Amino acid sequence: MRTRTSNLDLIRNLGILAHVDAGKTTVTERILYATGTTHKRGEVHDGTTVTDFDPQERDRGITIFAAAVSCGWDGHRINLIDTPGHVDFADEVERALRVLDGAVAVFDAVAGVEPQSESVWRQADRHGVPRIAFVNKMDRAGADLDAAVDSIRGRLHPVPLVVQLPIGSEDGFTGVVDLVRMRALVWSEGAEAAEEGPVPDALREEAARRRRLLEEAVAERHPAALEEFCDRETLTADTLVSALRDLTRGGDGVVVLCGSAYRNRGVEPLLDAVVAYLPSPLDVPPVRGTRDGARDERPADPRAPMTALAFKVNATPTGRLTYLRVYSGTLEKGDTVWDAGTRRTERVARILRVRADRHDPLERAVAGDIVAVVGLKAARAGSTLCAPGDPLVLEPPGVAEPVVHVAVEARRAADTGRLAAALARLTEEDPSLAVRTDAETGQTVLSGMGELHLEVAVERVRTEHGLAVAVGRPGVAYRETVGAGVAGFVHRHVKQDGGAGQFAHVVLDVEPWEEGGFVFCSTVTGGALPQDYVRAVEAGCRDALAEGPLGGHPVTGLRVTLTDGRTHVKDSSDTAFRTAGRAGLRDALRVSRMVLLEPVVEVAVTVPDDAVGAVLGDLAARRGRVTGSDPRGGTTVVTATVPLAELFGYATRLRGRTRGRGTFTARPTGYAPAPAPAPAR
């Protein structure tokens, strides 16, 4: 990789996003094959894919871990991350999106926008990641590009800019009309590449109509295109490409392509679109961070001080791999870097170009690169690595709170220590997993984002570490909140047992906070309390949030106001006021009206029409609230909001009620009041 700044425009860092089974991994495999990175097409159903290399991924036929691969196309370097589609692994998607410049969103041509498609789209919105859309599986029965585009427009609300027209339908799908350059691209059965030719006579009128609609949509949103359209009443192909690039990178439109990745049709135009429309590291704003307490930014320049973000850690038999996005500067093998999180220096022993579970050694990585490094001992996902003499701390990816937990214990007492080490390694690699010890039972509790997430984690303990473990029944992670608070609650902390004593007097107002989380403020005036003591009270209040009075669950959704306080000239201290804040808020919560919250999910159940009644009755019995019903040619998609606790074992029940023909997906939507207190943890 050359290090001149001008070469950064030849890099594309993108992710493949989609609902489970929409074809993300197959799209990735075909990209690797088309670019010459692999010489055999991997298949998900055969367990021969490059990016789904973990044994569990191949056994289950789904993507579990975000996998990075690097390939070349048309003189460009494409760093690609294949992300999971299952909702339980949404945090893998979140960490990937944090370091990407663009994305390809894959949609099923029959199903259109599915629940997890919507979730990952919203995640990309939050990160401001430009996207192009690929409507896959155009060869399936019932495939309909227009219907899929309508669902994209209606559910995701972008401006879809369709640049292709399919040639043939369902099993007769053979190619596409490129509406930008008005040409046909046809893939013969078994052909390695498309044959370019004129637009078929039967589609010429429809292609002209759709080209006109595309020109009007682009001219309406792009000033330069509008000027040319007004002068010539049409747009040249070059103007259209330039305008589509600007609209995509600015988030003002989404280019839509179509194809069948499984049959290797439409992949090369997709790669051309990635290069033409998605941004390079030079096209995105400079990375922003904190330097000496002030906001600062770094340009994507190999000559700037080195700044990188670790977004994934993977412990392999040959060493610990830390995956980095280099935002600025140059990282060379043997360099010493500063970890802003642990506040220690570490040495980079090796730098690797990643191809899923295979790697090519590099001498250096420059701004814009996504690489793996060997030698870092303490860096975690979210750590900022930078030049020791010029640190810039980047904001780490967010981590979702776990919603399901299980008790885990080693079957042999002698393996207890090994189990603790194995779980620690899992949480190091996956920050969305959490391990704690139950204070009442002494059990080790593993928490995660769903049943499948925990199943995968426990299976890794068994297979990778050779441990026999016993697993309890899954339970949900409840929360507690304030229904009605208390004002003017007084708490005095006085302790005198010889030597220096402790004294702190605080007055707290506790009230609900509908936006969730915790908010602390102080209205103490006149210097009654030093600011150090106010901060100590806040720290104590945050300590008290760990266990609520109803069942020892974490507390959320409240605002605490410190309205008054008193000090003692000798016995007051930060420690005394932190203790007062902690004990005072705990006592205030005991006299407040508390509400138990349970996690709820939105489920989308796809069932044959003759089983809809049975499924609706079962959802009602599970305290589900039906929110929609969408008939789709012999099947119906029922959407409902259901408490997560009621969904354990639902897959088996659904198969029984639909004679094996029903499927469902679920995605978290937050918390809602539970009907009755749950047992303590």
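Helix H12 (residues 531–544) lies across strands E32, E33 and E34 (558–566), with heavy atoms within 4.5 Å counted as contact, and runs at about 155° to E33; helices (H or I, at least four residues) and strands (E, at least two) are DSSP runs numbered from the N terminus, and angles, from 0 to 180 degrees, are taken between N-to-C directions of axes fitted to C-alpha atoms, for helices over the stretch in contact. The model is a predicted one, in which local features need pLDDT of at least 70 and side-chain atom pairs pLDDT 80 or more, whereas totals for chains, interfaces and linings use all residues. Residues are numbered from 1 along each chain as its sequence is written, and side-chain values use heavy atoms, without hydrogens and water.

The strands belong to an open, four-stranded sheet of order E31-E32-E34-E33 with mixed pairing, where pairing requires at least two DSSP bridges. Strands E31 (486–495) and E33 (518–522) each have a single partner strand and stand at the edges, so one side of each lacks a neighbour in the sheet. The twist from one strand to the next averages 25°. Eight bridges join E31 to E32 (residues 502–512) in the antiparallel sense, and Val-507 in E32 is the bridge partner of Val-490. Helix H13 (residues 574–591) lies across E31, E32 and E34, at about 40° to E32.

Four aromatic pairs are present, defined by ring centres within 6.5 Å (planes under 30 degrees apart stacked, over 60 edge-to-face, the rest tilted; six-membered ring for Trp). Among them, Phe-311 and Tyr-323 form a tilted pair, 6.2 Å centre to centre with 55° between the planes.
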